[in-house]
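I opened my notebook today to look at how the parts of this chain meet and what surrounds its ligand. Here is the entry to follow along with.

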Amino acid sequence: MRIVIVGIGAVGGTLAAGLSLAGIEVAGIARGAQLAAIRANGLHLRTPDGSHFAHFPCYADPSEAQLRPDDLVVLTVKSQDSASALSQLRLAGMTDQPLFCAQNGVANEQLAARSFPNVHGITVMMPADYLVPGETVVFGAPRWGIFDIGRWPAGHDEADQALAEALNTANFAAFVSDDVMGSKYGKLLLNLHNVLEAAIGRGALFKRIAPLLKAEGEAVLKAAEIGWRDVSASDTRREGLMQITDVAGARRAGSSTSQSLARGTGSVETDYLNGEIVMLGARHGVPTPVNSWFCRLADRLLREGKAPGHLEEAEVARALGL
Ligand SMILES: NC(=O)C1=CN([C@@H]2O[C@H](COP(=O)(O)OP(=O)(O)OC[C@H]3O[C@@H](n4cnc5c(N)ncnc54)[C@H](OP(=O)(O)O)[C@@H]3O)[C@@H](O)[C@H]2O)C=CC1
Ligand SMILES: CC(C)(CO)C(=O)C(=O)O
């Protein structure tokens with residue numbers, strides 16, 4: 001069994017390095033300066049327990065990895081990059097190997113299922129940063145991250161067991177679940193504040209607006225009769241397995257959306273997080289003015305090349321009538 005990780009950034013880099021350090025065969029698919037850095041020096045994984053250097057084969061395209069029947073393929077690109085990554089996998093000859101979407105939002109599994117018959121979801125609870133090519137930083141301890149893994153749309157099979165076992169061999173905590181999408185919808189509710197944090201940081205106004213985004217999300221999911229599992233800080237598994245803690249010499253860059261702004265990638269995931277709620281709200285007749293406003297704001301943050309947290313709080317408060 002080999003684990004092929006598509007998108008070596010914060011999550012993909014931490015997974016690839018962790019699995020490789022545990023002696024599991026890994027191949028990475030990366031691009032740009034990240035690919036060049038990993039090929040030259042391997043990947044530097046900084047963690048609360050110290051620095052690790054991982055060396056694993058890294059390719060520019062899945063076709064170079066020569067996919068095998070016993071590969072497990074894990075997708076760790078941001079949702080807005082999923083369509084092109086899936087197309088690359090198709091062109092590389094991928095057929096019925098298990099494909100795991102280790103991403104936020106709930107759109108990726110449905111997209112993947114248009115092309116592949118063996119789709120799985122992973123709920124990722126892992127505070128990880130990727131800002132500098134060749135380096136990822138993970139702030140979870142004692143385990144670096146917690147994952148729920150299961151088949152899409154429901155159930156589980158031996159591939160989920162095999163991946164969970166591999167992750168548990170490395171310094172992760174993985175749980176096989178028959179309702180992985182339930183925890184992914186729970187995670188989606190937590191990620192509705194990613195764009196808010198990317199706009200104004202985590203000050204007083206953040207604390208007023210975050211509950212408004214979440215309340216709209218919950219109202220929409222209820223109207224759509226979609227159940228969810230709470231994976232917030234009150235998830236009892238977190239206490240013993242993964243607390244967010246310090247890494248020597250590193251400061252957290254914020255959510256994955258803030259990191260996209262910080263790296264100037266030119267795109268953010270908001271349409272697949274807040275946009276999911278807006279779309280479901282439209283379908284089920286539930287107004288979503290706050291999530292809609294933040295979807296439009298994401299475009300402006302990109303257009304104006306804003307650094308994370310640099311929008312005036314007063315402007316946001318005025319626009320939302322707060
Ligand atoms: N960061 C975090 O703490 C967490 C993130 N998540 C979720 O995990 C998913 C991944 O996020 P994250 O790791 O932060 O994202 P990153 O942007 O850090 O990593 C994704 C990487 O994939 C690369 N990439 C995109 N498309 C391709 C492609 N076709 N071929 C090769 N490489 C590609 C990107 O390159 P480029 O840099 O050029 O864009 C980037 O390096 C998202 O859904 C996110 O919401 C979930 C929990 C925590
Ligand atoms: C780690 C966490 C929960 C932070 O909001 C996340 O999912 C993200 O950055 O997208």
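**Ligand shell and domains**

I began with the shell around ligand 1 and found that domain 1 (2-180) and domain 2 (184-228 + 246-319) each give at least three residues to it. The domain bounds come from an automatic or database domain assignment.

A note on the source: this is a predicted model, where local features need pLDDT of at least 70, side-chain atom pairs count only at pLDDT 80 or more, and totals for chains, interfaces and linings use all residues. Residues are numbered from 1 along each chain as its sequence is written, while chains are lettered from A and ligands numbered from 1 in the order in which they are written.

Next I listed the neighbours. There are 30 residues around ligand 1, and G7, G9, A10, Q103 and N104 come nearest; a residue is near if its C-beta atom, placed from the backbone, lies within 6 Å of the molecule. The elements giving two or more residues to this shell are α1 (10-21), α2 (32-41), α3 (82-91) and α10 (256-263). Helices (H or I, at least four residues) and strands (E, at least two) are DSSP runs, numbered from the N terminus.

Then I turned to the domains. I noted 24 Å between the C-alpha centres of domain 1 and domain 2. Their contact takes 20 residues from domain 1 and 21 residues from domain 2, counting C-beta atoms, placed from the backbone, within 7 Å. On the domain 1 side, β3 (43-47) and β8 (119-125) are the elements that give two or more residues.

Terms used. Two residues are in contact if their C-beta atoms, placed from the backbone, lie within 7 Å.
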